[in-house]
Amino acid sequence: MKKSGVGTYVGFVAIIVWCLLPVAWIISLSFKSLAETTTGSPQFLPKNPTLDNYKVLLGMTSDKSSSHDFLAALRNSFGISLIATVLAVLIATLAAYAIARLEFKGKRLVLSMALAIAMFPVVALVGPLFDMWRTFHLFNTWPGLIIPYMTFTLPLAIWTLSAFFREIPWEMEQAAQVDGATSWQAFRKVIVPLAAPGVFTAAILTFFFAWNEFVLAISLTSTTGARTVPAQMSFFVGPDPFNPPYSQLATAAVIVTVPVIIIVLLFQRKIVAGLTSGAVKG
Amino acid sequence: VSTTVATPATAADPSKKVVASDRSVAENRLGRRLVAPAVILMLLVTAYPMLEALYLSLFRYRLTTPDDKGFVGLGNYVTILSDSLFWTDTLNTVIIMIVTVAVELVIGFAFAMVMHRIIFARGAMRTSILIPYGIITVVSAFAWQFTFSINNGWVNSWFGWLPGISDTTNWYGDHWHAMFAIMVSEIWKTTPFMALLLLAGLSQISEDMIEAAKVDGATASQRLFKVILPNMRAAIMVAVLFRALDAFRIFDNIFIMTKGAQNTASSSFLTYRQAIEQFQLGMGSALSVLLFLTVLLLAYLIVKFFRVDLAQARGEG
């Protein structure tokens with residue numbers, strides 16, 4: 001017996017405002033001209049909306065200095081996040097399958113280890129990793145970020161996937177074989193479609209982590225060769241360090257938020273299922 | 001149709017009962033092989049560097065003067081623990097952790113109640129709540145930094161009617177104002193996660209039980225405190241554990257919003273600054289070890305104090 005009272009309507013509006021106001025704010029800021037924010041512009045909406053910031057950052061003007069760095073960072077972010085996601089999900093799928101379906105010694109140990117790493121203070125590793133990566137020539141390279149990103153997303157991926165895999169009716173594989181399917185057919189036509197949603201959810205959560213990561217991104221890179229967008233943004237201060245280019249930073253912020261919003265719009269149900277799968281029964 | 005032949009022999013021979021069956025030996029081996037890549041990777045990237053940090057923490061070692069490297073025993077730890085900066089930053093971190101988690105718990109629970117009851121626009125609600133979760137922390141930090149900015153922010157003009165806020169309020173001018181701004185960004189970004197975990201807990205409670213309490217004459221607040229909250233204990237504890245340890249590692253917001261100015265540095269920020277910005281690998285490693293131990297202690301305390309059983313919470317029982 002559910003009903004939506006007045007309180008629920010008020011709550012609904014409150015949640016929407018809470019979640020979207022800061023996003024609306026950076027979008028509004030991104031349409032303010034650089035001159036407007038430099039002189040100070042405390043009102044919410046831009047006085048004279050302009051697309052100049054987008055043109056500058058996306059390389060549509062003659063001055064390519066900002067766009068060059070930003071687009072390189074965007075490329076690094078996409079490449080590093082996607083590769084780390086694919087590899088982490090692959091490794092996590094193997095482990096989660098074992099955890100969900102097989103009885104073996106050390107299963108609890110693996111789960112505890114994953115949990116410990118999920119809570120690990122990443123910043124505690126930057127010193128030693130910085131030192132090691134310089135020795136192995138991984139400093140300021142894509143693999144230098146991909147390897148730790150894979151590691152730190154494994155716990156979440158294993159956790160989510162094993163919760164999903166436990167729900168799969170595995171008997172259906174044998175049922176298909178009894179009905180005359182080969183092992184490969186049974187796997188491809190029965191198991192893969194059942195497991196795919198879980199794998200996909202784990203991939204989304206992993207991608208979010210890698211896309212968001214900041215501590216390692218600023219510690220293990222030094223140039224636009226491997227620097228991701230969050231790191232690049234944090235070092236993008238413009239000519240006057242005491243007066244950062246607010247509107248250009250907001251524009252960069254809007255551009256990197258677009259993929260997040262697209263993913264959320266398309267897959268909101270899956271993300272919620274993935275986030276809560278490890279936390280409560282069912 | 002291939003494997004159902006081998007069992008009668010073992011069943012007939014009682015002496016073989018103690019030995020694990022071929023099947024379980026094989027299963028054991030396969031299980032270990034499948035988890036091996038994950039385990040090896042996790043050990044290589046966390047355990048090994050952590051041991052390296054433990055080793056380096058015993059040395060005077062600065063990258064700018066590598067020839068000056070020398071064994072100092074526990075010297076680095078003594079230096080750190082007797083420095084007030086370490087304690088200030090730890091205190092900041094603890095304050096941020098306690099305040100943000102407490103506020104998030106309350107707001108998150110309110111959000112979860114709304115999402116639980118709502119019967120319209122559920123998709124729109126889910127989409128908006130996931131945006132702060134998915135957005136990059138650095139972006140959230142910039143958005144809030146600009147919000148509180150004295151020249152370009154809207155806080156001073158919108159909330160000027162509140163006591164203590166005027167056009168000239170400088171949010172980055174003193175410790176508590178800056179801490180407030182940092183905490184707002186942290187709370188905004190992570191409340192959705194809390195709300196979703198609590199919503200999952202809330203949806204586990206049977207409506208019948210709440211109805212029964214209502215029929216028995218329980219008031220709304222009695223239903224909340226005597227029926228709903230006790231039955232959500234596991235979900236609340238898991239949410240608190242995850243968020244508290246996450247909040248303790250706060251770094252991005254501080255790096256972007258204040259760079260540690262006005263004494264707003266956190267433990268993570270201090271560690272980063274020593275190891276990366278000042279190339280003090282010895283001192284930085286000692287801080288890493290201390291940070292690691294603190295997180296471990298914190299996790300232990302939360303698990304013991306609140307009796308969180310994660311295995312039970314996820315149905316591994």
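1. A quick definition before anything else: a salt bridge here is a side-chain nitrogen of Lys or Arg within 4 Å of a carboxyl oxygen of Asp or Glu. Asp131(A) and Arg134(A) make one, with their closest N and O atoms 3.2 Å apart. Both residues sit in helix α6 (residues 126–135) of chain A, three residues apart, about one turn of the helix. Over all chains the count is 10 salt bridges.

2. Some housekeeping. This is a predicted model, so local features need pLDDT of at least 70 and side-chain atom pairs count only at pLDDT 80 or more, while totals for chains, interfaces and linings use all residues. Residues are numbered from 1 along each chain as its sequence is written, chains are lettered from A and ligands numbered from 1 in the order in which they are written, and side-chain values use heavy atoms, with hydrogens and water left out.

3. Chain A has 12 helices and zero strands, where helices (H or I, at least four residues) and strands (E, at least two) are DSSP runs numbered from the N terminus. Its C-alpha atoms fill a box of roughly 75 × 65 × 35 Å, taken along the principal axes.

4. Now the interface. Chain B puts 103 residues into the contact and chain A 102 residues, with contact meaning heavy atoms within 4.5 Å. The two chains bury about 9,400 Å² between them, 75% of it on carbon and sulfur atoms; buried area is the accessible area (1.4 Å probe) that two parts lose on being put together, summed over both. On the chain B side, helix α2 (residues 22–56) gives the most, with 21 residues. That side of chain B divides into 66 nonpolar, 23 polar and 14 charged residues (nonpolar being Ala, Val, Leu, Ile, Met, Phe, Trp, Tyr, Cys and Pro, charged being Asp, Glu, Lys and Arg, and polar the others, Gly among them).

5. What about salt bridges between chain B and chain A: how many are there? The count is zero. Polar contacts do turn up between the chains, in 12 residue pairs (both at pLDDT 80 or more). A polar contact is a pair of N or O atoms within 3.5 Å; within protein, one must be able to donate a hydrogen and the other to accept it, and residues adjacent in sequence count only if both atoms are side-chain atoms.

6. On to the cavities: there are three of 30 Å³ or more, a cavity being a set of points on a 1 Å grid over the protein atoms alone where a 1.4 Å probe fits but cannot get out, with lining residues having an atom within 4 Å of a point. The largest cavity holds about 1,300 Å³ of space. Of its 46 lining residues, the closest to the centre are Ala118(A), Phe209(A), Asn212(A), Asp246(B) and Arg249(B). α7(A) supplies the largest share of this lining, six residues. The lining divides into 28 nonpolar, 11 polar and seven charged residues.

7. The second largest cavity holds about 80 Å³ of space. Its lining includes Phe86(B), Phe248(B), Ser267(B) and Leu287(B).

Conventions:
1 Å grid on protein atoms, 1.4 Å probe; cavity = no way out; pocket = protein on both sides within 12 Å on 5 of 7 lines; lining within 4 Å. Points joined across faces, edges and corners; volume = space filled by probe spheres on them.
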